[in-house]
Amino acid sequence: MSEETTDKDFIAAPSPFEAETQMPAKPPRARVSDAVEPEESAGAKLERKRDYLEGFLQKKPEADSTTGAGGQLQQDVIAALKEIYDPEIPVNIYDLGLIYGVEVDDESDVTVTMTLTTPHCPVAETMPGEVELRAASVPGVRDAEVNLVWDPPWGPDKMTDEARLELGML
């Protein structure tokens, strides 16, 4: 061994025998009685709930932004898409579950992600164009784009309850 390795430039863990003599005292054990808060009276609990409810009811709704998720522009585009009906089924394409998403960016560009009931749908060539035109015609929309996807595939489980009721499936 060289002289450098014999110098201790590290600290070794104490042996188990040394540890017994140098162990700090154990902290006191926790008791259930220490953690339980005093019982709140029924009147105090009711008053606390009343204060919470009053504050909740008086809160003003947050200002809606025009763009982004849940914004007014997105709601307007969704309302416009609900005016497009499937030619074979008397249900609009939004409630039918053909629209997977409507995104509005900060520059008021709209991206609609949609599918069709099958790839061989008779309106496969015209429906995406109609959706794009309808979304672009909403006041405030700068540009609209439609992404036609096949995954996940459309199924009756994508329909809203209103659509199922209209088709007699409920």
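I began with Asp109: leaving aside neighbours within four places in sequence, I found Asp109 in contact with Glu103, Val104, Arg142 and Asp143, where contact means heavy atoms within 4.5 Å. The model is a predicted one, in which local features need pLDDT of at least 70, side-chain atom pairs count only at pLDDT 80 or more, and totals for chains, interfaces and linings use all residues. Residues are numbered from 1 along each chain as its sequence is written, and side-chain values use heavy atoms, with hydrogens and water left out.

**Entry 1: Asp109**

I located Asp109 in strand S2; helices (H or I, at least four residues) and strands (E, at least two) are DSSP runs, numbered from the N terminus. Is Asp109 buried or exposed? I noted that Asp109 is buried, at a relative accessible area of 15%; buried means under 20% relative accessible area, exposed over 50%, and partly exposed in between (1.4 Å probe, protein chains only).

I then looked up the polar atoms. The backbone nitrogen of Asp143 lies 3.5 Å from a polar atom of the Asp109 side chain.

**Entry 2: salt bridges**

I recorded five salt bridges in the structure, each a side-chain nitrogen of Lys or Arg within 4 Å of a carboxyl oxygen of Asp or Glu. Side chains of opposite charge can pair when their charged atoms come close.

Asp109 forms one of them with Arg142, with the closest N and O atoms 2.7 Å apart. Asp109 is in strand S2 and Arg142 in the loop between H6 and S3, so this pair ties together parts 33 residues apart in sequence. Arg142 itself is exposed, with a relative accessible area of 56%.

Arg142 also meets Glu107 in a salt bridge (3.3 Å, N to O). Glu107 lies in the loop between S1 and S2, so this pair joins parts that are 35 residues apart in sequence.

I next examined Arg134, which forms a salt bridge with Glu83 at 3.2 Å between the closest N and O atoms. Arg134 is in helix H6 and Glu83 in the loop between H5 and S1, 51 residues apart. Glu83, Glu130 and Arg134 are linked in a network of salt bridges.

**Entry 3: the nonpolar core**

How many residues does the largest nonpolar core have? I noted 28, and those with the most contacts inside this core include Val77, Leu81 and Met127. Such a core is a set of buried Ala, Val, Leu, Ile, Met, Phe, Trp, Tyr and Cys residues joined through side-chain atoms within 4.5 Å. Helix H5 gives the most to this core, with five residues.

Methods. A polar contact is a pair of N or O atoms within 3.5 Å; within protein, one must be able to donate a hydrogen and the other to accept it, and residues adjacent in sequence count only if both atoms are side-chain atoms.
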